[in-house]
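I opened the model to look up its fold, its helix packing and its chain contact. My entries follow.

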Amino acid sequence: MSAARKASTDVAALPWAGPERRYDIVKEFVIALVVMAVLSVGLAVAFSSPDEKALTFKGWGTTAPENFYATAVGELAGTTESAAYGPPYQEGDGLAVGPLRPQKWMGVRIPVDAANDFVITPLKSQEQPAEVTSAIAAWEGATPDQRTAWATAYDDAVQATADADGALHPDQAATGDYGPVPVLAKALTGMAASGALDGAMVAQGSFYGTTDNTKQILFMGDGSYLDDAATAQNLQGNTWGMMNGTNSYPGQPWLWWASFWYQIPTFNPAEDATTTTSLQDNADAWIFYIIGVIGLVIIFFPFIPGLRSIPKWIPVHRLIWRDYYRKHGNAHLV
Amino acid sequence: MTAESVAAPAPPAAGSELTDAAAAEDGRMWTNRLRNKFFGTFPPEKLLPDRQPAYVASWIYVFGVACLAALIMLILSGLWLTLEGPSWYHTTSTGHLVNSIHFWSVQLFMIALVVHLWGKFWMAAWRGRRAMTWITGAFAFFTSIGTAFTGFLVQSNFESQWIAFEGKDGLNAVGAGAWFNVANAGQMLLLHVCLLPLVVGLLVVWHVLLVRKHGVVPPIPLKHDPADELAPGEKVQS
């Protein structure tokens with residue numbers, strides 16, 4: 001059948017030839033605008049909006065200094081999440097779904113050197129005691145292998161101090177040859193507790209500072225401080241956190257169809273799981289591909305045979321147009 | 001050049017042939033072609049109709065215009081926030097109120113948008129050469145989600161810190177994070193107040209023009225027409 005003939009038989013494509021009614025479209029819009037204005041202003045006055053203060057390195061350094069200290073050691077050792085994240089921060093493979101490795105293909109566009117960016121550079125941005133200056137010089141004068149040997153040995157020693165609740169006690173770490181690492185970690189913890197680290201991370205040696213907060217976000221996420229605060233606010237991804245806001249405000253509930261996939265065990269291992277599947281290891285990639293496919297299905301729905309007929313099979317339209325059907329039946333529709 | 005010289009075209013030198021040639025030349029002008037195309041497709045009675053088909057009589061139709069109304073509130077409150085700068089709402093009560101209006105406007109906008117989308121789904125509103133109307137609406141929906149997402153990222157509070165930290169992983173996993181860096185507050189702010197609202201606005205205008213062009217989709221024909229079950233002479237209308 002030619003396109004022209006098909007169109008001529010498609011009543012829905014033809015100009016409407018049936019009964020009409022008065023419809024004041026401008027009045028409808030003005031009323032809608034007034035209603036929305038009243039609703040949005042009313043809700044704003046009645047419920048305000050969420051604005052939980054941003055976490056700071058000062059807060060982390062004062063309320064959880066052991067965790068901050070251990071994280072600083074981990075940054076030097078390269079054992080934290082962001083130190084060994086892979087693309088786009090460092091070389092690596094990234095996540096994959098079959099042969100698809102776009103994370104790797106995009107390369108290192110946002111370089112992050114955790115040891116230098118999170119520890120050494122901030123320390124060097126301030127005047128430091130002689131002990132710390134010497135420690136920085138020792139670190140910078142050492143070979144990469146020596147740095148790794150010092151930092152990983154101390155990282156292991158600190159991690160070994162974990163108690164039954166997982167809390168670390170660096171002051172109980174076994175003695176060993178850790179080079180300048182303990183001094184560097186202690187100095188950075190002091191800098192954090194004083195508030196100086198917050199300024200140093202933002203300024204990054206510039207008058208205007210940076211509007212790119214990648215390094216701060218990555219560093220703060222390496223410890224438990226940010227994670228614990230998110231758990232307390234019910235914001236974790238595996239508890240529908242995408243849809244929640246702080247202090248019981250709504251977040252982005254329209255993302256339920258994306259958040260849903262993070263709730264199912266196929267992608268989200270149990271907390272006490274000792275092993276994980278490839279699907280779980282690459283869950284972010286899988287889920288974002290699923291989200292993409294869902295998006296494409298919605299966009300191109302009119303062209304998908306079968307799916308596009310669902311509204312005809314499930315007659316919600318009988319409710320929507322019940323008045324027309326009651327008065328006119330199929331008149332002008334076929 | 002005087003007004004008279006513009007208003008008085010030179011008389012044709014050789015009868016109607018040149019008049020026709022001038023008219024043809026006028027017709028080839030880009031300006032005239034655009035004007036004729038636009039106003040031919042959208043005469044005033046189509047752009048601002050005072051009549052609609054009788055079937056346009058359901059509460060579900062309210063949610064389309066509700067989206068537009070909420071979008072206006074979003075733009076107005078967003079412009080106010082833009083004029084004052086990104087720190088203003090943290091430090092003043094007026095700023096916090098305007099931010100709250102912006103916050104609730106987006107909640108209302110998304111509620112209206114989702115209901116509108118479901119309504120159009122159950123109407124199979126892509127019928128009758130209206131596929132592009134559906135597609136522009138779907139793109140507007142997803143672009144709105146992106147705009148709202150960047151809005152949550154530029155709050156410069158704990159929530160934006162956490163969303164940046166959590167949101168980066170999925171985007172990085174598909175390679176998008178290398179270009180769309182949710183931890184880069186400056187990039188997110190510019191996207192949120194400039195590029196994405198512009199895209200949403202253009203999509204919405206395109207979508208509305210398509211609705212005006214093709215009209216509101218008529219009802220899906222019933223499988224069993226009530227008229228078929230009537231006694232001879234009996235009318236459907238009650």
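I began with contacts in chain A between residues at least 6 apart in sequence: 60% of them join residues at least 24 apart. Two residues are in contact if their C-beta atoms, placed from the backbone, lie within 7 Å.

I noted the ground rules. This is a predicted model, where local features need pLDDT of at least 70, side-chain atom pairs count only at pLDDT 80 or more, and totals for chains, interfaces and linings use all residues. Residues are numbered from 1 along each chain as its sequence is written, while chains are lettered from A and ligands numbered from 1 in the order in which they are written.

Overall form of chain A. I found 18 helices and one strand (DSSP runs numbered from the N terminus: helices H or I, at least four residues; strands E, at least two). The C-alpha box along the principal axes is roughly 90 × 50 × 40 Å. The radius of gyration of chain A is 29 Å, whereas a compact globule of 334 residues would have one near 20 Å (taken over C-alpha atoms; the rule is 2.2 Å times the number of residues to the power 0.38). I looked up burial too: 34% of the 334 residues of chain A count as buried (20 or more other C-beta atoms within 10 Å of a residue's own, C-beta atoms being placed from the backbone).

Helix 4 and helix 9 of chain A. I checked residues 65-77 against residues 181-194: the axes come within 9 Å and cross at roughly 130 degrees. That makes helix 4 of chain A oblique to helix 9 of chain A (under 35 degrees is roughly parallel, over 145 roughly antiparallel, 65 to 115 roughly perpendicular, the rest oblique). The contact includes A:Phe68 and A:Tyr69 of helix 4 and A:Leu184 and A:Leu188 of helix 9. By class, I read twelve nonpolar, one polar and one charged residues there.

Helix 6 and helix 9 of chain A. The axes of helix 6 (residues 114-124) and helix 9 come within 10 Å and cross at roughly 70 degrees. The two helices of chain A are therefore roughly perpendicular to each other. A:Val119, A:Pro122 and A:Leu123 of helix 6 meet A:Leu184, A:Ala187, A:Leu188 and A:Met191 of helix 9.

Chain contact. I looked up the two sides: 85 residues come from chain B and 87 residues from chain A. Helix 7 of chain B gives the largest share of the chain B side, 14 residues. That side has 55 nonpolar, 22 polar and eight charged residues (nonpolar: Ala, Val, Leu, Ile, Met, Phe, Trp, Tyr, Cys and Pro; charged: Asp, Glu, Lys and Arg; polar: the others, Gly among them).

Notes: Axes fitted to C-alpha atoms, helices over the stretch in contact; angles between N-to-C directions. Buried ≥ 20, exposed ≤ 12 C-beta atoms within 10 Å, placed from the backbone.
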